[in-house]
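Please keep the sequence and the model in view.

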Amino acid sequence: MNQVVLDPTAELNPANRAVLPRLNQLGGKTIGLLDINKPRGDKLLDRLETLLNNEGAQVRRYNKPTMTRVAPLEVKQAIASECDAVIEALAD
Amino acid sequence: MTEQHDSYLVFLKRDCPTCVLVEPALRELESAGKILQVWSQDDPEFPGSLTAVGDDRELEQSYHWQVETVPTVIRLRGDKEVERTEGWDRAAWLNLFGTQQLAEDLPGFRPGCGSLSVQPGVAEELALRYGTSSLQARRIEIAELEDPLEACYARGWSDGLPVVPPTELRVIRMLAGTHREPAEIVGLIPPDLQPCSIEKIAINAVMAGCKPEYLPVVIAAVEAALIDEFCMHGLLATTWFSSPMIIVNGPITKAIGMNSGGNALGQGNRANATIGRALQLVIRNVGGGKPGGVDRATLGNPGKYTFCFAEDESEQRWQSVAQQRGFESQQSTVTLFAADGVQGIADQKSREPESLCRSLAASLLGVGHRKFAMLSDAFIVLCPEHLRVFTNAGWSKQQVLDRLFELTTRSGAELINGVDGIAEGMPEFVKDMQLAKFKPNGLNIVCAGGTAGLFSAIVPGWLASGDMGSSPVTKEIV
(Lines give C-alpha, C1' and ligand atoms only; values in the text may rest on other atoms or scores of the structure.)
Protein backbone atom coordinates (compact mmCIF):
# COMPACT_ATOMS: atom_id res chain seq x y z
CA MET A 1 0.00 0.00 0.00
CA ASN A 2 1.22 3.49 -0.75
CA GLN A 3 2.25 5.57 2.21
CA VAL A 4 -0.31 8.13 3.33
CA VAL A 5 0.59 11.32 5.16
CA LEU A 6 -1.57 13.96 6.79
CA ASP A 7 -1.69 17.36 5.16
CA PRO A 8 0.19 19.86 7.37
CA THR A 9 -1.24 22.89 5.57
CA ALA A 10 -4.49 24.81 5.77
CA GLU A 11 -5.60 22.75 2.74
CA LEU A 12 -6.16 25.76 0.53
CA ASN A 13 -4.43 24.09 -2.43
CA PRO A 14 -5.53 20.92 -4.26
CA ALA A 15 -4.20 17.67 -2.80
CA ASN A 16 -2.51 16.86 -6.08
CA ARG A 17 0.49 18.92 -6.99
CA ALA A 18 -0.29 21.54 -9.62
CA VAL A 19 1.70 21.64 -12.86
CA LEU A 20 3.95 24.64 -13.35
CA PRO A 21 2.29 27.63 -15.01
CA ARG A 22 2.24 27.37 -18.82
CA LEU A 23 3.74 30.06 -21.05
CA ASN A 24 1.13 32.53 -22.24
CA GLN A 25 3.13 33.49 -25.34
CA LEU A 26 6.11 32.25 -27.32
CA GLY A 27 7.52 35.59 -28.52
CA GLY A 28 10.78 36.41 -26.73
CA LYS A 29 10.89 33.08 -24.88
CA THR A 30 13.64 30.51 -25.00
CA ILE A 31 12.41 27.01 -25.75
CA GLY A 32 14.60 23.97 -25.24
CA LEU A 33 14.21 21.02 -27.61
CA LEU A 34 15.40 17.79 -26.07
CA ASP A 35 16.33 15.03 -28.49
CA ILE A 36 16.12 11.76 -26.60
CA ASN A 37 18.31 10.09 -29.21
CA LYS A 38 15.64 7.99 -30.82
CA PRO A 39 15.70 7.61 -34.64
CA ARG A 40 14.07 10.50 -36.51
CA GLY A 41 13.37 12.52 -33.38
CA ASP A 42 15.62 15.16 -34.97
CA LYS A 43 13.22 15.44 -37.95
CA LEU A 44 10.36 16.37 -35.62
CA LEU A 45 12.51 18.78 -33.64
CA ASP A 46 13.87 20.50 -36.78
CA ARG A 47 10.29 21.18 -37.87
CA LEU A 48 9.37 22.41 -34.38
CA GLU A 49 12.38 24.71 -34.36
CA THR A 50 11.23 26.35 -37.60
CA LEU A 51 7.70 26.80 -36.26
CA LEU A 52 8.93 28.18 -32.95
CA ASN A 53 11.27 30.63 -34.69
CA ASN A 54 8.31 31.82 -36.77
CA GLU A 55 6.51 32.59 -33.50
CA GLY A 56 9.43 34.70 -32.31
CA ALA A 57 10.87 32.14 -29.87
CA GLN A 58 14.55 31.36 -29.50
CA VAL A 59 15.42 27.68 -29.61
CA ARG A 60 18.22 25.78 -27.87
CA ARG A 61 18.88 22.14 -28.69
CA TYR A 62 19.83 19.43 -26.17
CA ASN A 63 20.55 15.72 -26.47
CA LYS A 64 20.24 12.75 -24.17
CA PRO A 65 23.08 10.24 -24.68
CA THR A 66 20.59 7.38 -24.74
CA MET A 67 16.82 7.12 -24.97
CA THR A 68 16.78 4.33 -22.41
CA ARG A 69 17.75 6.35 -19.38
CA VAL A 70 16.66 9.61 -17.80
CA ALA A 71 18.53 12.72 -18.88
CA PRO A 72 21.87 13.32 -17.11
CA LEU A 73 21.76 15.93 -14.36
CA GLU A 74 23.95 18.33 -16.39
CA VAL A 75 21.44 18.29 -19.24
CA LYS A 76 18.49 18.87 -16.89
CA GLN A 77 20.28 21.70 -15.11
CA ALA A 78 21.29 23.32 -18.40
CA ILE A 79 17.68 23.23 -19.65
CA ALA A 80 16.31 24.56 -16.35
CA SER A 81 18.75 27.47 -16.23
CA GLU A 82 18.72 28.41 -19.93
CA CYS A 83 15.11 27.89 -21.04
CA ASP A 84 11.58 29.09 -20.26
CA ALA A 85 10.07 25.79 -21.43
CA VAL A 86 11.17 22.49 -22.92
CA ILE A 87 9.75 20.15 -25.54
CA GLU A 88 10.89 16.56 -25.44
CA ALA A 89 10.74 14.61 -28.70
CA LEU A 90 9.46 11.08 -28.27
CA ALA A 91 8.78 10.39 -31.93
CA ASP A 92 10.32 7.58 -33.97
CA MET B 1 -26.42 -11.93 39.57
CA THR B 2 -24.93 -14.46 37.22
CA GLU B 3 -27.54 -16.11 35.04
CA GLN B 4 -27.51 -19.40 33.23
CA HIS B 5 -27.33 -17.87 29.73
CA ASP B 6 -24.46 -15.46 30.45
CA SER B 7 -21.36 -16.07 28.38
CA TYR B 8 -17.71 -15.28 29.03
CA LEU B 9 -14.81 -13.83 27.05
CA VAL B 10 -11.38 -14.92 28.21
CA PHE B 11 -8.17 -13.23 27.00
CA LEU B 12 -4.92 -15.16 27.41
CA LYS B 13 -1.39 -15.50 26.09
CA ARG B 14 0.85 -18.52 26.36
CA ASP B 15 3.77 -16.30 27.36
CA CYS B 16 1.98 -15.45 30.65
CA PRO B 17 2.55 -17.95 33.52
CA THR B 18 -0.75 -16.98 35.15
CA CYS B 19 -2.60 -17.73 31.90
CA VAL B 20 -0.95 -21.16 31.84
CA LEU B 21 -1.86 -21.61 35.50
CA VAL B 22 -5.58 -20.96 34.97
CA GLU B 23 -6.02 -23.54 32.18
CA PRO B 24 -7.39 -26.24 34.58
CA ALA B 25 -9.83 -23.71 36.06
CA LEU B 26 -11.13 -22.86 32.59
CA ARG B 27 -11.42 -26.56 31.70
CA GLU B 28 -13.42 -27.11 34.87
CA LEU B 29 -15.76 -24.21 33.99
CA GLU B 30 -16.22 -25.48 30.43
CA SER B 31 -17.06 -28.99 31.76
CA ALA B 32 -19.61 -27.39 34.11
CA GLY B 33 -21.40 -25.94 31.05
CA LYS B 34 -20.18 -22.36 31.15
CA ILE B 35 -20.08 -20.76 27.68
CA LEU B 36 -16.49 -19.63 27.16
CA GLN B 37 -14.98 -17.84 24.17
CA VAL B 38 -11.22 -17.82 24.69
CA TRP B 39 -9.02 -15.41 22.71
CA SER B 40 -5.33 -16.25 22.56
CA GLN B 41 -3.01 -13.33 21.83
CA ASP B 42 0.13 -15.23 20.89
CA ASP B 43 -0.66 -18.88 20.10
CA PRO B 44 -4.00 -20.17 18.78
CA GLU B 45 -3.02 -23.70 19.95
CA PHE B 46 -3.12 -22.47 23.55
CA PRO B 47 -4.81 -23.57 25.77
CA GLY B 48 -5.02 -26.89 23.96
CA SER B 49 -7.52 -28.48 26.37
CA LEU B 50 -10.33 -25.98 25.64
CA THR B 51 -12.75 -26.16 22.72
CA ALA B 52 -13.44 -22.56 21.72
CA VAL B 53 -10.06 -20.87 21.34
CA GLY B 54 -9.92 -17.97 18.89
CA ASP B 55 -6.82 -16.60 17.19
CA ASP B 56 -6.31 -13.00 18.33
CA ARG B 57 -2.74 -12.58 17.19
CA GLU B 58 -3.93 -9.52 15.26
CA LEU B 59 -5.19 -8.22 18.65
CA GLU B 60 -8.43 -6.94 17.17
CA GLN B 61 -10.59 -8.50 19.90
CA SER B 62 -8.16 -7.43 22.61
CA TYR B 63 -8.28 -3.85 21.27
CA HIS B 64 -12.06 -3.89 20.93
CA TRP B 65 -12.57 -5.07 24.51
CA GLN B 66 -9.81 -2.76 25.82
CA VAL B 67 -7.89 -5.56 27.50
CA GLU B 68 -4.98 -4.33 29.62
CA THR B 69 -4.00 -7.50 31.46
CA VAL B 70 -4.07 -11.22 30.74
CA PRO B 71 -5.89 -13.19 31.87
CA THR B 72 -8.97 -10.98 31.61
CA VAL B 73 -12.39 -12.57 31.97
CA ILE B 74 -15.44 -10.60 30.86
CA ARG B 75 -18.97 -11.68 31.70
CA LEU B 76 -21.43 -10.88 28.89
CA ARG B 77 -25.17 -10.72 28.88
CA GLY B 78 -26.12 -10.83 25.23
CA ASP B 79 -23.25 -8.89 23.70
CA LYS B 80 -22.97 -6.39 26.55
CA GLU B 81 -20.26 -6.50 29.19
CA VAL B 82 -21.58 -6.86 32.70
CA GLU B 83 -18.34 -7.16 34.64
CA ARG B 84 -14.72 -8.29 34.29
CA THR B 85 -11.83 -9.52 36.37
CA GLU B 86 -8.09 -9.48 35.69
CA GLY B 87 -5.41 -11.97 36.71
CA TRP B 88 -6.26 -15.03 38.79
CA ASP B 89 -8.18 -14.27 41.96
CA ARG B 90 -10.29 -17.26 43.01
CA ALA B 91 -12.79 -15.21 44.98
CA ALA B 92 -13.33 -12.85 42.03
CA TRP B 93 -13.67 -15.77 39.57
CA LEU B 94 -16.15 -17.58 41.84
CA ASN B 95 -18.22 -14.43 41.98
CA LEU B 96 -17.95 -13.76 38.24
CA PHE B 97 -18.93 -17.32 37.27
CA GLY B 98 -21.53 -17.69 40.05
CA THR B 99 -20.04 -20.91 41.25
CA GLN B 100 -19.14 -22.31 44.71
CA GLN B 101 -15.77 -23.88 44.10
CA LEU B 102 -13.07 -23.76 41.45
CA ALA B 103 -9.58 -25.22 40.93
CA GLU B 104 -9.01 -25.91 44.61
CA ASP B 105 -5.41 -27.02 44.04
CA LEU B 106 -4.39 -23.60 42.58
CA PRO B 107 -3.10 -20.82 44.84
CA GLY B 108 -5.70 -18.22 45.73
CA PHE B 109 -4.17 -15.36 43.84
CA ARG B 110 -1.69 -14.66 41.04
CA PRO B 111 -1.40 -11.33 39.21
CA GLY B 112 -1.58 -11.41 35.42
CA CYS B 113 0.76 -10.05 32.75
CA GLY B 114 0.46 -7.08 30.41
CA SER B 115 -1.77 -7.55 27.38
CA LEU B 116 0.08 -7.54 24.06
CA SER B 117 -2.41 -4.93 22.89
CA VAL B 118 -1.00 -2.30 25.24
CA GLN B 119 2.68 -2.91 24.59
CA PRO B 120 4.64 0.26 23.87
CA GLY B 121 3.97 1.38 20.31
CA VAL B 122 1.28 -1.26 19.69
CA ALA B 123 -1.70 0.57 21.17
CA GLU B 124 -1.47 3.43 18.65
CA GLU B 125 -1.13 1.00 15.74
CA LEU B 126 -4.26 -0.85 16.88
CA ALA B 127 -6.11 2.44 17.31
CA LEU B 128 -5.19 3.28 13.74
CA ARG B 129 -6.16 -0.17 12.41
CA TYR B 130 -9.36 -0.83 14.33
CA GLY B 131 -10.40 2.47 15.91
CA THR B 132 -12.38 5.32 14.48
CA SER B 133 -9.87 8.01 13.64
CA SER B 134 -10.85 11.42 14.89
CA LEU B 135 -8.16 13.07 12.79
CA GLN B 136 -9.59 15.51 10.29
CA ALA B 137 -6.61 16.46 8.14
CA ARG B 138 -6.71 15.62 4.47
CA ARG B 139 -4.95 12.36 3.63
CA ILE B 140 -2.33 12.66 0.93
CA GLU B 141 -1.20 9.50 -0.79
CA ILE B 142 2.42 9.29 -1.80
CA ALA B 143 3.05 7.41 -5.02
CA GLU B 144 4.78 4.06 -4.76
CA LEU B 145 8.00 5.22 -6.43
CA GLU B 146 8.11 8.49 -4.56
CA ASP B 147 10.44 8.90 -1.57
CA PRO B 148 8.24 10.29 1.25
CA LEU B 149 10.94 12.82 2.22
CA GLU B 150 11.16 14.07 -1.33
CA ALA B 151 7.36 14.17 -1.55
CA CYS B 152 7.28 16.54 1.44
CA TYR B 153 9.85 18.80 -0.24
CA ALA B 154 7.95 18.71 -3.52
CA ARG B 155 4.77 19.87 -1.82
CA GLY B 156 6.54 22.84 -0.27
CA TRP B 157 6.18 21.65 3.34
CA SER B 158 9.86 21.97 4.24
CA ASP B 159 11.94 24.88 5.51
CA GLY B 160 14.80 23.52 3.42
CA LEU B 161 15.86 20.74 5.78
CA PRO B 162 14.35 17.25 5.64
CA VAL B 163 11.06 16.81 7.49
CA VAL B 164 9.71 13.63 9.08
CA PRO B 165 6.78 12.46 6.90
CA PRO B 166 3.64 13.01 9.02
CA THR B 167 2.00 9.59 8.84
CA GLU B 168 -1.22 9.08 10.75
CA LEU B 169 0.54 6.76 13.20
CA ARG B 170 3.20 9.34 14.00
CA VAL B 171 0.56 12.04 14.45
CA ILE B 172 -1.51 9.84 16.78
CA ARG B 173 1.63 9.22 18.85
CA MET B 174 2.39 12.95 18.87
CA LEU B 175 -1.12 13.77 20.06
CA ALA B 176 -0.61 11.49 23.06
CA GLY B 177 1.69 14.27 24.32
CA THR B 178 -1.24 16.58 25.07
CA HIS B 179 -4.56 16.27 26.86
CA ARG B 180 -6.11 18.72 24.42
CA GLU B 181 -8.61 17.62 21.80
CA PRO B 182 -7.18 17.31 18.27
CA ALA B 183 -10.05 19.34 16.84
CA GLU B 184 -9.60 22.28 19.21
CA ILE B 185 -8.79 25.47 17.30
CA VAL B 186 -6.08 27.55 18.96
CA GLY B 187 -6.48 30.53 16.63
CA LEU B 188 -5.95 31.94 13.17
CA ILE B 189 -2.41 31.64 11.86
CA PRO B 190 -1.08 34.58 9.84
CA PRO B 191 -0.55 35.56 7.15
CA ASP B 192 -3.42 33.60 5.57
CA LEU B 193 -5.38 33.73 8.87
CA GLN B 194 -6.20 30.04 8.68
CA PRO B 195 -7.71 28.18 11.65
CA CYS B 196 -5.12 26.03 13.36
CA SER B 197 -6.16 22.93 15.27
CA ILE B 198 -4.13 21.02 17.85
CA GLU B 199 -4.01 18.30 15.17
CA LYS B 200 -2.34 20.62 12.63
CA ILE B 201 0.19 21.66 15.27
CA ALA B 202 0.87 17.98 15.98
CA ILE B 203 1.38 17.25 12.26
CA ASN B 204 3.93 20.03 11.97
CA ALA B 205 5.59 18.96 15.24
CA VAL B 206 6.04 15.49 13.74
CA MET B 207 7.62 17.01 10.66
CA ALA B 208 9.94 19.17 12.79
CA GLY B 209 11.19 16.05 14.61
CA CYS B 210 9.55 16.67 18.01
CA LYS B 211 8.89 13.97 20.60
CA PRO B 212 5.31 13.83 21.91
CA GLU B 213 6.38 15.28 25.26
CA TYR B 214 7.48 18.48 23.51
CA LEU B 215 4.02 19.06 22.06
CA PRO B 216 2.65 21.13 24.99
CA VAL B 217 5.61 23.51 24.56
CA VAL B 218 4.97 23.81 20.83
CA ILE B 219 1.25 24.46 21.43
CA ALA B 220 2.07 27.18 23.98
CA ALA B 221 4.54 28.72 21.54
CA VAL B 222 1.90 28.83 18.79
CA GLU B 223 -0.61 30.34 21.22
CA ALA B 224 1.95 32.92 22.33
CA ALA B 225 2.71 33.85 18.71
CA LEU B 226 -1.00 34.55 18.23
CA ILE B 227 -1.20 37.06 21.11
CA ASP B 228 -1.93 40.44 19.54
CA GLU B 229 1.03 42.22 21.16
CA PHE B 230 3.43 39.82 19.46
CA CYS B 231 2.27 40.96 16.00
CA MET B 232 3.18 37.72 14.24
CA HIS B 233 1.76 38.86 10.92
CA GLY B 234 3.93 41.96 10.71
CA LEU B 235 6.92 40.08 12.05
CA LEU B 236 6.63 37.54 9.27
CA ALA B 237 6.10 40.15 6.60
CA THR B 238 8.87 42.59 7.57
CA THR B 239 11.98 43.15 5.46
CA TRP B 240 13.90 43.19 8.79
CA PHE B 241 15.75 40.10 10.11
CA SER B 242 13.49 39.18 13.03
CA SER B 243 11.61 36.01 13.76
CA PRO B 244 10.31 34.38 16.97
CA MET B 245 12.88 33.41 19.59
CA ILE B 246 11.46 31.06 22.21
CA ILE B 247 12.72 31.10 25.82
CA VAL B 248 11.39 28.20 27.87
CA ASN B 249 11.21 28.47 31.68
CA GLY B 250 10.14 26.18 34.50
CA PRO B 251 10.21 22.50 35.38
CA ILE B 252 9.38 21.29 31.86
CA THR B 253 12.82 22.33 30.61
CA LYS B 254 14.46 19.63 32.72
CA ALA B 255 11.62 17.15 32.16
CA ILE B 256 12.13 17.16 28.40
CA GLY B 257 15.90 17.63 28.50
CA MET B 258 16.30 21.11 27.05
CA ASN B 259 19.68 22.78 26.93
CA SER B 260 20.30 25.95 28.91
CA GLY B 261 24.05 25.36 29.27
CA GLY B 262 26.97 25.15 26.87
CA ASN B 263 25.99 25.95 23.29
CA ALA B 264 22.41 26.70 24.43
CA LEU B 265 21.86 28.89 21.37
CA GLY B 266 23.51 26.38 19.06
CA GLN B 267 22.86 22.99 17.59
CA GLY B 268 22.72 19.52 19.11
CA ASN B 269 19.76 19.39 21.50
CA ARG B 270 16.65 17.79 20.05
CA ALA B 271 14.10 19.69 22.15
CA ASN B 272 15.71 23.09 21.55
CA ALA B 273 16.05 22.39 17.85
CA THR B 274 12.67 20.89 17.06
CA ILE B 275 10.37 23.03 19.23
CA GLY B 276 11.60 26.21 17.56
CA ARG B 277 11.36 24.55 14.17
CA ALA B 278 7.81 23.32 14.79
CA LEU B 279 6.58 26.87 15.39
CA GLN B 280 8.23 27.98 12.15
CA LEU B 281 6.63 25.10 10.23
CA VAL B 282 3.18 25.97 11.60
CA ILE B 283 3.62 29.54 10.35
CA ARG B 284 4.84 28.22 7.00
CA ASN B 285 2.36 25.45 6.41
CA VAL B 286 -0.83 26.46 8.22
CA GLY B 287 -0.33 30.21 7.92
CA GLY B 288 1.16 30.10 4.43
CA GLY B 289 4.04 32.37 5.46
CA LYS B 290 6.89 31.66 3.07
CA PRO B 291 9.98 33.55 1.90
CA GLY B 292 9.24 35.28 -1.38
CA GLY B 293 5.53 35.26 -0.49
CA VAL B 294 4.42 37.32 2.50
CA ASP B 295 7.82 36.83 4.20
CA ARG B 296 9.71 39.74 2.64
CA ALA B 297 12.93 39.57 4.69
CA THR B 298 15.87 41.25 2.98
CA LEU B 299 18.35 38.86 4.58
CA GLY B 300 16.51 36.89 7.27
CA ASN B 301 18.60 35.15 9.89
CA PRO B 302 19.53 31.53 10.69
CA GLY B 303 17.14 31.63 13.66
CA LYS B 304 14.29 31.43 11.17
CA TYR B 305 14.95 27.69 11.00
CA THR B 306 14.73 27.44 14.77
CA PHE B 307 15.59 29.63 17.77
CA CYS B 308 14.61 28.09 21.08
CA PHE B 309 16.43 27.47 24.35
CA ALA B 310 15.83 27.05 28.06
CA GLU B 311 16.82 29.63 30.66
CA ASP B 312 19.40 28.57 33.25
CA GLU B 313 17.43 29.12 36.48
CA SER B 314 20.07 27.72 38.84
CA GLU B 315 20.91 31.14 40.33
CA GLN B 316 18.16 31.49 42.94
CA ARG B 317 19.05 35.11 43.80
CA TRP B 318 18.24 36.23 40.28
CA GLN B 319 14.77 36.45 38.74
CA SER B 320 14.11 34.39 35.65
CA VAL B 321 12.43 35.88 32.59
CA ALA B 322 9.18 34.14 33.56
CA GLN B 323 9.32 35.39 37.16
CA GLN B 324 9.98 38.92 35.94
CA ARG B 325 6.90 38.60 33.81
CA GLY B 326 4.68 37.55 36.73
CA PHE B 327 4.90 33.75 36.76
CA GLU B 328 5.98 31.45 39.60
CA SER B 329 9.10 29.30 39.38
CA GLN B 330 6.92 26.17 39.42
CA GLN B 331 5.03 27.26 36.32
CA SER B 332 6.40 26.29 32.93
CA THR B 333 6.20 29.01 30.31
CA VAL B 334 7.31 30.08 26.87
CA THR B 335 8.35 33.65 26.20
CA LEU B 336 8.55 34.80 22.59
CA PHE B 337 10.66 37.68 21.38
CA ALA B 338 10.91 39.08 17.85
CA ALA B 339 14.62 38.38 17.53
CA ASP B 340 17.42 38.93 15.07
CA GLY B 341 20.56 36.84 15.30
CA VAL B 342 23.17 36.71 18.02
CA GLN B 343 25.84 39.36 18.59
CA GLY B 344 28.68 38.37 20.91
CA ILE B 345 30.08 40.57 23.70
CA ALA B 346 33.50 39.67 25.09
CA ASP B 347 34.53 41.09 28.44
CA GLN B 348 37.17 38.99 30.15
CA LYS B 349 38.48 41.68 32.49
CA SER B 350 35.53 43.27 34.31
CA ARG B 351 35.14 41.94 37.85
CA GLU B 352 32.94 44.79 39.11
CA PRO B 353 29.30 45.37 38.10
CA GLU B 354 29.90 48.96 36.99
CA SER B 355 32.68 48.00 34.59
CA LEU B 356 30.68 45.09 33.17
CA CYS B 357 27.59 47.29 32.76
CA ARG B 358 29.68 49.80 30.83
CA SER B 359 30.95 47.00 28.59
CA LEU B 360 27.48 45.69 27.92
CA ALA B 361 26.12 49.19 27.33
CA ALA B 362 28.84 49.96 24.79
CA SER B 363 27.78 46.98 22.72
CA LEU B 364 24.06 47.61 23.21
CA LEU B 365 24.36 51.00 21.60
CA GLY B 366 25.01 49.27 18.28
CA VAL B 367 21.61 47.56 18.17
CA GLY B 368 19.80 48.43 14.92
CA HIS B 369 22.07 51.36 14.26
CA ARG B 370 24.38 53.20 16.67
CA LYS B 371 22.47 56.41 16.04
CA PHE B 372 19.04 54.88 16.68
CA ALA B 373 17.13 55.26 19.94
CA MET B 374 13.79 53.92 21.19
CA LEU B 375 13.42 51.54 18.27
CA SER B 376 14.53 47.89 18.73
CA ASP B 377 14.12 46.02 22.00
CA ALA B 378 16.90 43.60 22.96
CA PHE B 379 17.66 40.62 25.14
CA ILE B 380 21.04 40.13 26.75
CA VAL B 381 21.85 36.43 27.07
CA LEU B 382 24.02 36.59 30.16
CA CYS B 383 26.59 33.82 30.57
CA PRO B 384 27.20 32.27 34.03
CA GLU B 385 30.58 33.95 34.54
CA HIS B 386 29.17 37.39 33.79
CA LEU B 387 26.14 36.66 35.94
CA ARG B 388 28.49 35.87 38.84
CA VAL B 389 30.05 39.34 38.62
CA PHE B 390 26.63 40.79 39.41
CA THR B 391 25.39 38.27 41.97
CA ASN B 392 28.69 38.26 43.92
CA ALA B 393 28.27 42.01 44.32
CA GLY B 394 24.64 41.57 45.38
CA TRP B 395 23.16 43.22 42.30
CA SER B 396 19.65 42.24 41.27
CA LYS B 397 18.57 41.93 37.65
CA GLN B 398 16.54 45.13 37.99
CA GLN B 399 19.60 47.05 39.25
CA VAL B 400 21.56 45.91 36.22
CA LEU B 401 18.76 46.86 33.86
CA ASP B 402 18.37 50.28 35.48
CA ARG B 403 22.09 50.97 35.18
CA LEU B 404 22.17 49.82 31.56
CA PHE B 405 19.22 52.10 30.85
CA GLU B 406 21.18 55.08 32.25
CA LEU B 407 24.38 54.15 30.44
CA THR B 408 22.62 53.88 27.10
CA THR B 409 20.84 57.23 27.39
CA ARG B 410 22.40 59.86 25.14
CA SER B 411 21.95 63.40 24.01
CA GLY B 412 19.72 63.69 20.94
CA ALA B 413 22.25 66.04 19.36
CA GLU B 414 24.67 63.10 18.90
CA LEU B 415 22.07 61.06 17.08
CA ILE B 416 20.31 63.26 14.56
CA ASN B 417 20.51 62.83 10.80
CA GLY B 418 23.85 63.86 9.35
CA VAL B 419 25.88 63.92 12.59
CA ASP B 420 29.29 62.21 12.33
CA GLY B 421 29.00 62.45 8.56
CA ILE B 422 26.30 59.75 8.56
CA ALA B 423 23.05 60.62 6.83
CA GLU B 424 21.15 58.02 8.89
CA GLY B 425 19.99 59.02 12.36
CA MET B 426 17.15 60.40 14.46
CA PRO B 427 14.93 63.30 13.30
CA GLU B 428 16.02 66.88 13.92
CA PHE B 429 13.40 67.58 16.62
CA VAL B 430 15.11 65.29 19.17
CA LYS B 431 18.33 67.31 19.26
CA ASP B 432 17.67 68.93 22.66
CA MET B 433 16.33 65.76 24.28
CA GLN B 434 18.00 63.02 26.28
CA LEU B 435 17.16 59.80 24.45
CA ALA B 436 17.19 56.35 26.00
CA LYS B 437 18.46 53.66 23.61
CA PHE B 438 15.63 51.39 24.69
CA LYS B 439 12.00 51.94 25.55
CA PRO B 440 11.01 51.30 29.18
CA ASN B 441 10.98 47.48 29.55
CA GLY B 442 12.58 47.26 26.12
CA LEU B 443 15.76 45.70 27.49
CA ASN B 444 15.69 42.23 29.05
CA ILE B 445 18.14 39.71 30.43
CA VAL B 446 17.98 35.92 30.16
CA CYS B 447 20.59 33.58 31.65
CA ALA B 448 22.12 30.73 29.68
CA GLY B 449 25.42 29.35 28.57
CA GLY B 450 28.35 27.18 29.53
CA THR B 451 30.31 27.64 32.74
CA ALA B 452 33.52 28.63 30.96
CA GLY B 453 33.83 31.81 28.91
CA LEU B 454 33.24 35.45 29.79
CA PHE B 455 31.14 35.82 26.65
CA SER B 456 27.55 37.01 26.71
CA ALA B 457 25.33 37.84 23.78
CA ILE B 458 22.95 40.48 22.61
CA VAL B 459 19.89 39.31 20.74
CA PRO B 460 18.59 42.48 19.10
CA GLY B 461 14.95 42.72 18.13
CA TRP B 462 12.76 44.05 15.38
CA LEU B 463 13.03 47.78 14.69
CA ALA B 464 9.26 47.91 15.12
CA SER B 465 8.96 47.23 18.84
CA GLY B 466 6.24 47.92 21.38
CA ASP B 467 2.92 49.38 20.26
CA MET B 468 4.11 49.99 16.70
CA GLY B 469 5.21 46.36 16.28
CA SER B 470 6.03 43.46 18.56
CA SER B 471 6.39 43.12 22.33
CA PRO B 472 7.64 40.00 24.13
CA VAL B 473 4.79 37.70 25.19
CA THR B 474 4.64 34.86 27.72
CA LYS B 475 2.25 31.92 27.79
CA GLU B 476 1.97 29.20 30.37
CA ILE B 477 2.52 25.63 29.14
CA VAL B 478 -0.44 23.48 30.16
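In chain B, four strands form an open sheet with mixed pairing, in the order β14-β13-β15-β22. Its edge strands, each pairing on one side only, are β14 (308-310) and β22 (473-476) of chain B. Strands here are DSSP runs of E with at least two residues, helices are runs of H or I with at least four, and both are numbered from the N terminus; two strands pair if DSSP finds at least two bridges between them. This is a predicted model, in which local features need pLDDT of at least 70 and side-chain atom pairs count only at pLDDT 80 or more, while totals for chains, interfaces and linings use all residues. Residues are numbered from 1 along each chain as its sequence is written, and chains are lettered from A and ligands numbered from 1 in the order in which they are written.

Within the sheet, β13 (residues 243-249) and β15 (residues 333-339) of chain B pair in the antiparallel sense over seven bridges. Asn249(B) has Thr333(B) as its bridge partner in β15(B).

The contact between the chains takes 13 residues from chain A and 27 residues from chain B, where residues are in contact if their C-beta atoms, placed from the backbone, lie within 7 Å. On the side of chain B that touches chain A, α8(B) gives the most, with four residues. Strand β1 (residues 4-6) of chain A pairs with β10(B) in the antiparallel sense over three bridges. There, Val5(A) has Ile140(B) as its bridge partner in β10(B).

Conventions:
Contact = placed C-beta atoms within 7 Å.
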